[in-house]
Amino acid sequence: MQQTPIVSNPSNRAALRPEHSRWREAWKNRAVYAAISPFYILFAVFGLFPILFSLYLSLQKWDGIGTMSYNGLNNFQYMVTDPLFWQSVGNTFVIWIYSTIPMLFLALVIAFLLNSAFVRFRSAYRIAYFLPNVTSIVAVAIIFSTVFANKYGLLNYMLTAVGLNSVQWLNFPFGIQTAIASMVVWRWTGYNAIIYLAGLQSIPSQLYEAAKIDGASTAQSFFRITIPLLRPVILFTVITSTIGGMQLFTEPQVLVGNDGGVGNNGMTIVLYLYREAFVNNYFGYASAVGWGMFVIIVLFSALNWTITKERA
Amino acid sequence: MKSNGVKTMGLHLVLVLGVLLSVFPFYWLAVMSTRTTSDLYKFPPKMWFGTHFADNVHRVFQSIDFFHAFFNTLFVAVVSTVLVLFFDSLAGFAFAKYEFPWKKPLFIILLATMMVPGQLSLVPSFVIMATFGWVGSFKALIIPGMANAFGIFWIRQYATGAVPDELLSAGRMDGCGFFRLYWNVSLPVLRPALAFLGAFTFINAWNDYLWPLIILNDASKYTLQVALSQLNGIYNTDYSMVMAGTFLAVLPLIVLFLFVSRQFIADIAAGAVKD
């Protein structure tokens, strides 16, 4: 409509002094910046600053109350030779394996069955499978402690009922780690199944029909169509399970206590970090453990990412 | 189609078995909370409800200040949820519907913060709270989390498509500023996205354990999860009482979940599958 290209004031100025106009543009949007700023302020104060601060703390000797003293790399040196630290790393990985593999396998099976054309009451099934996920882990750990109890445990009752020997679940590494892993499996299988189901439903049915016409078996279409197309979703579940698995805390803490139970077999990395900081008051050392954990998670996630990307 | 019938039967059998496994611990919890502790030590275990629920609940009330813990949890969860909904929707709306300098780098920073592991900063965060004098206070539980990247991202995704540009420009012509456009035009349209974010935030706040365990040092301030863990630790032998307490703490959330479950599950699935 307007025919005044030459003297059109704002655009002209913008052409001449882009920087100036940028700040003007920003000033005009000040309400928008005000709207997004709470997040950045909170992140700076409660996210970024603590991380930098933890680097500083990891170089100090400090009990949280008295004076700090510079400790150089001693905390890190101690950490790499600390058997309990490495045990907690090992336990975390073992529990991760015990939980993630059965969990994702079961989730895939459930999703595959739920996606079948014959299934009715699909949404009722989904709700029932998802229910464990909204329960607090503290409650789950309390319930499971009665299932895995050494004496009078529900599981031991079932074992003896079918003529097997009862097992002192909380007295040896495999028992404790299985108990912890089973809580993870119970709580997260349904969640992952729902994610897989959504992935399955986004695969066009024509692909399966075409495969059927070409004479493909169910197994063939599962491995040639379902798995490849589900790849990004599988990757998502592996990544989230890895992050969750590396951060395991509540399950072992409530089930076997701050020391990780008999022989520290339920001691996970975060539980160790928690114990060193808030039970033993080694704030400096706990910060170093935090960084050790961070490095391990990054390396492990990277490894995980490459393997899953290639295989899936 | 006889083979189809058999197939369907088998399929449902497996699925029902899975449902039993996933629901059984809740049933077991409910049964145990109605039994005496000595009942629980009897073989075979009692699989049907007893008559001691009131007794057990009574002992829960004697051992921990259950109502206090309940209302503490409710308070923290409700306030957190309201604040998250407000700040996240405000920022999400801004990112979805406004062009402004440095928008892209700011948004990338927002996404990048989701990768920052929380446990790394557990110790310094506690030190900061101590410096602020927030240890033992609900402020420490509520304020750091009141605007989060996930929620902003979620609202932005939804608002981009759901809030019509025509409505916004019409509002602008009527002289509405940013806040009016947010409050009067955008917020009503964002309701489904807010419902999910609200339920998600509420459930997480209700179940949070590690941070409250570190921050809350006075029993009168305990949230349910912390109070429950104390109950479990101290009264190790009185299992039926511990179970009754656990049952009471879990029940409200399950009821809430059953109300919102359909949409909630659909949203969780959509969020994960969309790239």
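Q: Before we start, what does contact mean?
A: Two residues are in contact when they have heavy atoms within 4.5 Å of each other. This is a predicted model, in which local features need pLDDT of at least 70 and side-chain atom pairs count only at pLDDT 80 or more, while totals for chains, interfaces and linings use all residues. Residues are numbered from 1 along each chain as its sequence is written, chains are lettered from A and ligands numbered from 1 in the order in which they are written, and side-chain values use heavy atoms, with hydrogens and water left out.

Q: Okay, what is Ile36(A) in contact with?
A: Leaving aside neighbours within four places in sequence, Ile36(A) is in contact with Ala91(B), Ala94(B), Phe95(B), Phe100(B) and Leu106(B).

Q: How many residues does each chain bring to the contact between A and B?
A: Chain B brings 91 residues and chain A brings 82 residues.

Q: And what area is buried there?
A: About 7500 Å², with carbon and sulfur atoms giving 81% of it. Buried area is the accessible area (1.4 Å probe) that two parts lose on being put together, summed over both. In chain B, the residues that lose the most area to chain A are Trp102(B), Leu120(B) and Val123(B), together 9% of what that side buries.

Q: Which helix of chain B gives the most to that side?
A: Helix H1 (residues 2–32), with 19 residues. Helices here are DSSP runs (H or I, at least four residues), numbered from the N terminus.

Q: How many salt bridges are there between the chains?
A: The count is zero. A salt bridge would need a side-chain nitrogen of Lys or Arg within 4 Å of a carboxyl oxygen of Asp or Glu.

Q: New topic: which residues touch the most other members of the largest nonpolar core?
A: Ile36(A), Phe130(A), Tyr196(A) and Leu15(B), out of 192 residues in that core. Helix H14 (residues 239–273) of chain B gives the most to this core, with 17 residues. A nonpolar core is a set of buried Ala, Val, Leu, Ile, Met, Phe, Trp, Tyr and Cys residues joined through side-chain atoms within 4.5 Å.

Q: Is Phe26(B) buried or exposed?
A: Phe26(B) is buried, as its relative accessibility is 10%. Buried means under 20% relative accessible area, exposed means over 50%, and partly exposed is in between (1.4 Å probe, protein chains only). Phe26(B) lies in helix H1 of chain B, and beyond four places in sequence it touches Leu131(A), Pro132(A), Thr135(A), Trp186(A), Val250(B) and Ile254(B).

Q: Why is H7(A) largely enclosed by the rest of the structure?
A: Because 11 of the 11 residues of H7(A) are buried. Among them are Ile137(A), Phe144(A) and Thr146(A).

Q: What does Thr146(A) touch?
A: Not counting residues up to four places away in sequence, Thr146(A) touches Tyr152(A), Gly153(A), Leu154(A), Trp28(B), Met32(B), Tyr239(B) and Met243(B). Its relative accessible area is 7%.

Q: Back to Trp102(B), where does it lie?
A: Trp102(B) lies in the loop between helix H4 (66–97) and helix H5 (103–112) of chain B. At 29% relative accessibility, Trp102(B) is partly exposed. Trp102(B) also has a positive phi of about 65 degrees, although it is not a glycine. Most residues other than glycine have a negative phi.

Q: What about the phi of Asn264(A)?
A: Asn264(A) has a positive phi too, of about 55 degrees, although it is not a glycine. Asn264(A) sits in the loop between helix H12 (250–256) and helix H13 (269–279) of chain A.

Key
Helix = DSSP H or I, 4+ residues; strand = E, 2+ residues; numbered from the N terminus.
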